[in-house]
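My notes follow in the order I took them.

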Amino acid sequence: MADGCACDRHAHMYLTVEDALERGLSVADPVTETEILPLEQAIGRVLAEDCASKVDMPAFDNSAMDGYAVRTGDLGDGPVFALPIAGRVAAGDCGDHDAPEGSALRIFTGAPVPPEFDAVLMQEDCDLLIDRIRFTRRPKPGQHIRRAGEDLCAGGPILRRGCEIGPREMAALASAGYGEVLVFRKLRVTIFSTGSELRHLGEPLDPGQIYNSNRYMLLALLQKPWIELTDRGPVEDDPTRLEQVLREACDASDLIVTTGGVSVGDEDHMPRLFSAIGGETDVMKVAMKPGKPVMFGRRGRALYVGLPGNPVSAYVTWQIIGSQMMARRAGLCHRPQIPVQAVLAEPVQRRAGRQEYRPVQIDGTSPRGLPNVRLMAPAYSGRVALLAQADGLAIIPAEIEDLPAGHSIELLRF
């Protein structure tokens, strides 16, 4: 980004969504500070190092079934085999058993298989005759045995830096012997909404005033284990007050997210104020609907994302661009949003020019097994009730004007 306000230079430009996202990601450099946490405290945090297994996984040969461990070399030609039961092996046993040749061991799932035993018979394949088993199907060497290291050998890679530690990652780290892990520190995020018309819930509304729905939407969107969130609430359209809050947020945060005040109206103060406190700004018109005005900024280590004031525009812009900038800033590996394929239940007629993200409702499935989607009203930038009733966002490419019923379309499901 260039020094000073870039509003005039970019006012005539309409970036594609892809170009806007690329520009946003290019300035969202990850935090570098880390901390070491006990594994149980690292749930939902961002891993800050590549992890290799400290042990073989599994650590020893073990039974995959409840049944009987046998030595295939003890078996004759059949067709009926009978072996005495010489002992019992349960999960947690040491696995050492003095079993004579020509005998079997009762064994349970997860129990260590003694070295000389090379197959496990499922109990359903055996007849139990007091102190022996009888069976007719000769087992193959290695049958129903999970070998040491077959999942992953010690030293093998298990997780990469930048992943969010969820349930699957927790299980992998615990299995690999990690009692503590290195994670990126929490991302410090400040949010506030601009607008003198905004009121707190519970306050009476005078004409021209509205409840601050954007605040609660952002609170919900930013409830992440890797975020330390500061909520400054609504800030009236007073340049002095806005500049003060903006300066304080930049001094204390890695990321500031605001709604409103980023367009070109008389009360759209944010681009000018951000430049006034020494920040670099990039105000863009993005060829997307809803959500055309978007502002990025940097001041020192603080990254600023200014969203439109209309709630649906703010939501869509955040989901498509802002959320991915935040994830990059937190140290998460970039994972592009991958839409699913859906089918239009009815035709679409629209004006080409901007890539549209239209709320849709899913109405059953098509003969191809894809979701049937019905597009909701197109004029919806402020209609939060419409958004709440939607099942996802259909993506209509910028150049498209007409699509027939039954046509394939991309869908971002909620």
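**Entry 1: salt bridges**

I count a salt bridge when a side-chain nitrogen of Lys or Arg lies within 4 Å of a carboxyl oxygen of Asp or Glu. I also remind myself that this is a predicted model. With that cut-off, I find 20 salt bridges in the structure.

I looked at Arg185 and Glu33, whose side chains meet in a salt bridge at 3.3 Å, N to O. Arg185 sits in the loop between strand S13 (180-184) and S14, while Glu33 sits in the loop between H2 and strand S2 (34-38), so this pair ties together parts that are 152 residues apart in sequence. I note Arg185 as buried, at 14% relative accessible area, and Glu33 as partly exposed, at 36%.

Arg71 bridges to Asp74, with the closest N and O atoms 3.3 Å apart; Arg71 is buried at 11% relative accessible area, and Asp74 is partly exposed at 27%. Glu169 bridges to Arg168, where the closest N and O atoms are 3.9 Å apart. Here Glu169 is buried at 12%, whereas Arg168 is exposed at 67%.

**Entry 2: helix H2**

Which residues of helix H2 (residues 17-27) are buried? I get Val17, Ala20, Leu21, Gly24, Leu25 and Val27. They cover an arc of only 165° around the axis, which puts them on the same side of H2. My reminder to myself: an α-helix has 3.6 residues a turn, so residues three or four places apart point the same way. On the face of H2 turned away from the buried side I find the exposed residues Glu22 and Ser26.

**Entry 3: Met325**

I found Met325 in helix H7 (residues 311-329). Met325 counts as buried because its relative accessibility is 0%. Leaving out residues up to four places away in sequence, Met325 touches Gly24, Leu25, Val27, Ala28, Phe296, Leu303 and Val305. Gly24, Leu25 and Val27 were already on my list of buried H2 residues. I also checked Tyr357, which is 32 residues from Met325 along the chain; their C-alpha atoms are separated by 19 Å.

**Entry 4: the seven-stranded sheet**

I traced an open sheet of seven strands in the order S1-S19-S21-S22-S18-S14-S17, with mixed pairing. Strand S1 (14-15) and strand S17 (227-235) are its edges, each pairing on one side only. Helix H4 (residues 213-221) packs on the sheet and touches S14, S17, S18 and strand S22 (302-307). The direction of H4 makes about 165° with that of S14. Inside the sheet, strand S14 (residues 187-194) and strand S18 (residues 255-259) are parallel and share five bridges. Val189 stands opposite Leu255 in S18.

**Entry 5: strand S7**

Which neighbours does S7 pair with? Strand S5 (residues 67-70) pairs with S7 in the antiparallel sense over three bridges, and Gly67 has Ile107 of S7 as its bridge partner. Strand S6 (residues 81-89) runs parallel to S7 and is joined to it by four bridges; there Arg88 partners with Arg106 of S7.

I then looked at both faces of S7 (residues 104-107). Ala104 and Arg106 lie on one side, Leu105 and Ile107 on the other, and all are buried. I noted the general rule beside this: in a regular strand the side chains alternate between the two faces of the sheet.

Notes
Residues numbered from 1 in each chain as written. Predicted model: local features only at pLDDT ≥ 70, side-chain atom pairs only at ≥ 80, totals over all residues. Heavy atoms only, no water. Buried < 20%, exposed > 50% of the residue type's maximum accessible area, 1.4 Å probe, protein only. Helix = DSSP H or I, 4+ residues; strand = E, 2+ residues; numbered from the N terminus. Pairing = 2+ DSSP bridges. Arc of directions from axis to C-beta. Contact = heavy atoms within 4.5 Å. Axes fitted to C-alpha atoms, helices over the stretch in contact; angles between N-to-C directions.
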